[in-house]
Amino acid sequence: MAVVRSACPLNCPDGCAFLVEQTEKGLRLQGDPNPTTKGFICSKGHALAKRVYSPDRLRFPLLRQGAGWKRLTWDEAYGLLTEKIKQTLETVGSWGILHHYDYGHNGALRELDRRFFQALGGVTEPRGSMCWGAGYRAQELDFGGVFTSAREDLEEAQTLVLWGRDPAVTNIHLVPHLLAAKKRGAHLIVINPNRVKSADFADEFIRVRPGTDAALALGIGNIILREGWQDFEFIQRYVHGFDAFADRVKEFYPERVEAITGVSISQMTELAHRISHRRPVSIILGHGVQRYVSGGNTVRAIDALAAISGNIGWTGAGIQYAHQYHKGKFNSVLLSPERYQARTYPHPVLAEELQKANPKIQLAVVTRSNPLVQQPNTSLWREVWREIPFKVVLDTVMTETARQADLVLPIATVFEEEELITTSWSPLIHYSQKVLEPQGGIKSEPILFTELAKRLGLEKDFVNTPREWIEFVIAPLKETYGITLNQLAQGPIYAPYIPKVAWAEKDFRTPSGKIELSSEKAKEEMREAVATYVPGETQESETEFPWHLLTPHPAKAMHSQFHVEDGFIVFIHPDLAEKNNLLPGNQAIVETMYGQLVAQVAVSEDIHPETVVLPEGTTAEGMGVNQLIMGKTSDVGESTSYYDMRCQIRKWFLD
């Protein structure tokens, strides 16, 4: 059988290229042997292939009928949805339609869902971020943009810091570069509340109390400035707001920071010395450090460490978070903002805002997401969802949100359509080719929205075929760099506009043209303060709920995609287990101010003694871990502060 080039559409740092072969037993998937994918892929990639022929796969439209479902033809499904859209537009206007989307699929053509609703005049939709917005906006304030050096450049570092990042689980294609750097003599440090898997090959593990990373960074900054270890020349030439930063770190003297973070003065001092003396230093940030109300301030404090030590813009040095190199390099399928007027609400408080919205939502359409599991405040989301008269979900399987919808439309997987795929971490541009035709009655989203547009008289905005859309999207690449679709069909291309070293020209895009540790713009947007946890200065709620609740990514799932088993496992330290009379295998109640669930106990020395770890991705009776989490908006970026939650844990006694 022929091997077809495809790509992973998941919102993952790796951005893998696939080689796919159709066999009698299903799809055979391999990693492309290019320098980025290196010939291997993770379990989530294989799960994508297994889903194509899975017995759980949706294969035709379904309409809720009482407690069950009625099979529809596509003509019936199109007709019903078209009528519901028209009815809503006539009665309350386009804002009465909710379009909930996120990035469960990174294909450029998947953005045609947004184009469709923009063509209606603009609907109600989320803004901000469920994942990474605080850190993203923080780096825009600091540097004027979000850019990162090439992965291979990490091999030139003398010191590597994985700060809140666990690539051994969430970014496996980064690991070979880390190991290569170590082989060349680099010192690898992991900073995390829990001893994550990447600590197994690190030289040093520093355990920090959850939510205190900003205090740790400022404490290290205090030591660097006190000892005179800063890079005076770099600061003078490339840093703005240094004096304000220096004043700020004075209050974070080592003794206080040790009490706040649990990191010893000796560890802080050694880390301060390494960052300033064992250069070049690359700090690789994870999303966990910014999943707090003070998440933006946390990333800015860590950015400042790299700035004052001169570790920006040199080979082997920098802050690695994400990149926006692809931004503006492609044509967008979205309509011009002058064409529509959307009503938007922040992701973290979307359910609360929808509950009081006027006009009320009459029709909801969900694409690329699963809000009843992924959004915070699950109980309120269910209440809001029930109040919406008609709900539609587009997906490949019956997610929890689909189960509670009125109309479910089956869509194609990445292997049953052609797509252009890029991500905010990978340098590769992928043309993902069609491996097989969609099964049975399944439709690709571009075809689905094109048909709906025709029925609603919007065909002028949907005149292209999928292939023509891809040609349109990459037209600037052809014009500027000579990159054609035929070239992309031979394999992914390393984007020619991505440099090996970020900020090598020191062309920072801030108002001052320098790295801005303090600025009027930042003061306008965010609180320039650090939310810290200080023993003895607890709030009343922390007395009742004394432990930090963390809900990290699971190893084999992408948020709620691909979870295999129902039920929860909670990980705690032996000391916490002893305090609560809990043994491995016991059933325990994990409770916050907003909800509770039952989980099986696992005990490990790897877990911070003050932390309860409940990985996301699994459900019980359709409810995920976010039933425990209230939506809180971050200090900047309108990001969801999933980790800013306290909890209690106790043994569950059956009656």
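# Close-up views of a predicted model

View 1. Pro280 is placed in the loop between helix H11 (265-277) and strand E12 (281-285), in a model that is predicted. The peptide bond that runs from Arg279 to Pro280 is cis, and its omega is near 0 degrees. As a rule, most peptide bonds are trans.

View 2. The loop between helix H13 (350-355) and strand E15 (363-367) is the place of Pro359. Here the peptide bond from Asn358 to Pro359 is cis, with an omega near 10 degrees.

**View 3. The backbone at Arg368.** Arg368 belongs to the loop that lies between E15 and helix H14 (371-374). Although Arg368 is not a glycine, its phi is positive, at about 55 degrees. Most residues other than glycine have a negative phi.

**View 4. The contact of helix H4 with helix H12.** Two packed helices are described by the angle between their axes and the distance between the axes. For H4 and helix H12 (residues 295-308), the axes come within 8 Å and cross at roughly 45 degrees. On the side of H4 the contact is made by Ala134, Gly135, Ala138, Gln139, Leu141, Asp142 and Phe143, and on the side of H12 by Gly295, Gly296, Val299, Arg300 and Asp303. Sorted by class, the contact of H4 with H12 has five nonpolar, four polar and three charged residues.

**View 5. The contact of helix H2 with helix H17.** Helix H2 (residues 74-91) packs against helix H17 (residues 445-455) at an angle of about 55 degrees, and their axes are 10 Å apart. That angle makes H2 oblique to H17, and the crossing of H2 and H17 is right-handed. From H2, the residues Trp74, Asp75, Tyr78, Gly79, Leu81, Thr82 and Lys86 meet Ile447, Leu448, Glu451, Leu452 and Arg455 in H17. The residues of the contact of H2 with H17 divide into six nonpolar, two polar and four charged.

**View 6. The largest cavity.** A search of the whole structure finds four cavities of 30 Å³ or more, and the largest cavity has a volume of about 100 Å³. The lining of the largest cavity is formed by 14 residues, and those that lie nearest its centre are Cys8, Cys12, Asp14, Cys16 and Cys42. By class, the lining residues of the largest cavity comprise nine nonpolar, three polar and two charged.

**View 7. The second largest cavity.** The volume of the second largest cavity is about 80 Å³. This cavity is lined by 13 residues, of which Phe147, Gly318, Ile319, Ala502 and Trp503 are the closest to its centre. Helix H4 (133-143) and strand E13 (318-320) each supply at least two residues of the lining of the second largest cavity, and the largest share, three residues, comes from E13. The lining of the second largest cavity has seven nonpolar and six polar residues, and no charged residues.

Note on methods. Residues are numbered from 1 along each chain as its sequence is written. This is a predicted model: local features need pLDDT of at least 70, side-chain atom pairs count only at pLDDT 80 or more; totals for chains, interfaces and linings use all residues. Side-chain values use heavy atoms; hydrogens and water are left out. On a 1 Å grid over the protein atoms alone, a cavity is a set of points where a 1.4 Å probe fits but cannot get out, and a pocket is an open set with protein on both sides within 12 Å along at least five of seven lines; lining residues have an atom within 4 Å of a point. Grid points are joined across faces, edges and corners, and a volume is the space filled by probe spheres set on the points. Ala, Val, Leu, Ile, Met, Phe, Trp, Tyr, Cys and Pro count as nonpolar, Asp, Glu, Lys and Arg as charged, and the others, Gly among them, as polar. Helices (H or I, at least four residues) and strands (E, at least two) are DSSP runs, numbered from the N terminus. Axes are lines fitted to C-alpha atoms, for helices over the stretch in contact, and angles run from 0 to 180 degrees between N-to-C directions. Contact means heavy atoms within 4.5 Å. Angles under 35 degrees count as roughly parallel, over 145 as roughly antiparallel, 65 to 115 as roughly perpendicular and the rest as oblique. A crossing is left-handed if the near helix is turned anticlockwise from the far one by less than a right angle, and right-handed if clockwise.
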